[in-house]
Amino acid sequence: MGEISHKIEKPLQINPIRLSQPMGAALAFLGIDGCMPLMHGGMGCTSFTKVFLTRHFCEPIAIQTTAVTDVTAILDGGDSSIVEAVHNITKKVTPSLVGLHTTGLTETKGDDIRGAAKQVDFPMVYVHTADYEGGLESGWGKTVKAIIEQLVEERSQVQSDKVVLLPHVSMQPIEVEKLKDFIALFGLEVVALPDLSTSLDGHLGEKQSALSSGGVKVEAIVSMADAATVISVGASMQLSAEALLKKNAAMRHIHMDHVQGLVATDALVEQLLALTGMEQPPASVVRWRKRLQDVMLDSHFSLGQTRVMVTGEPDFVAGACELLSEAGARISVALSTVDSPQLEAINAAKVMVGDLEDAEKLQAEYDLIVGSMHAEALAHRFGKALVLRGFPCWEIVGNQLKNDLLYEGGAYFLCETANAAEAMRMGSHD
């Protein structure tokens, strides 16, 4: 374990990689079927999030705004703009749920969104997501917790084969699907919250819709407390799991900091075997474990001589660093967007919260970057290899289909990273 810094040691971020809490909240609401995220703030806040997510997923993104102006920001209590926005939305479409979340402006004003939600005769979940604190990951986590607290009904009985999966924000839609399928191989019924695997997975719908298409249904959320087990993935989802456990004391909780790499996937398999009473994992699981072992052997020659910097949300950074370390890569810098308990467990020479200015100052300490498109200019300027991961990844297609999880995704990720390292080395010898 190397040097760990939980705080940014400068008054402002020069070249930021941190993304806002409202953006994480909007993304979480998009994992609910027929939901309309309603951002309480200025139109610019909503427009930025809409463009950002549209470019990342290459999909139309349904988000509405209360369109707070300079006049309403000063004179209005905020209630009327929320009520009017819901009225306007429901005149045109009939969402299954309205997901109301705040921004820095309305949080600074201190708008009473709980009181405003009570004035609306429509299914609604509200959550405070100030963008001057936390980040994409905490916005997602706070929203899932609010959804559970405000929608899930209390139960006393459980269905023994039912599992609720709480994925962290950095899991791409196909990764949620792969994890659901993996758990289902053990004979369990899985419901994910939120479920981007059926809403932003890039499927071609029958027609254009003004609402999110796919995702977990509101009725399924309401009855989630009858599951025997909740599996949370990522430190950011711990509070959401605890909120769900309060709905039914008979539920069991399995927490995974991440499900990347051989050790973490082995741990999940062990938990699932204990849960179901099965003596052996399914044959396909055993086969993919052997494939990952072979890829680790094949890739360690390249990764073992590669110094890596991993950037992104804390839950993603923790998983990616663990997977790369298992194959022999030297993680010289782990750069997190925000602070998290995950930072303590990351196996890297230097673990820090910071921005890309910090990454530039440390450029002599790494050869390859695992990070978002924000790191592209840095990689080109200093001749580093780049493996695109996290948010945002623009100018490429297929982000929603990238899978780094479990044995299967781990094998893909190591192959891609080792090939990028080799391409960099061959280029440097021209």
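Author: Domain bounds here come from an automatic or database domain assignment, and on that basis the protein chain is divided into domain 1 (21-134), domain 2 (159-281) and domain 3 (284-428). This is a predicted model, in which local features need pLDDT of at least 70 and side-chain atom pairs count only at pLDDT 80 or more, while totals for chains, interfaces and linings use all residues. Residues are numbered from 1 along each chain as its sequence is written, and side-chain values use heavy atoms, with hydrogens and water left out.

Reader: How many residues does each side give to the contact of domain 1 and domain 2?

Author: Domain 1 gives 20 residues and domain 2 gives 20 residues, where contact means heavy atoms within 4.5 Å.

Reader: And which salt bridge does Lys217 form?

Author: Lys217 pairs with Asp33, their closest N and O atoms being 2.8 Å apart; a salt bridge here is a side-chain nitrogen of Lys or Arg within 4 Å of a carboxyl oxygen of Asp or Glu. Across the interface of domain 1 and domain 2 the rule finds one salt bridge.

Reader: Changing topic, where is the cis peptide bond with Pro392, and what is its omega?

Author: The cis bond joins Phe391 and Pro392, with omega about -10°. Pro392 lies in the loop between β14 (385-388) and α16 (406-428), helices (H or I, at least four residues) and strands (E, at least two) being DSSP runs numbered from the N terminus.

Reader: What about Glu395, buried or exposed?

Author: Glu395 counts as exposed at 65% relative accessibility, the cut-off for exposed being over 50% relative accessible area, with buried under 20% and partly exposed in between (1.4 Å probe, protein chains only). Glu395 also sits in the loop between β14 and α16, and has a positive phi of about 60° although it is not a glycine.
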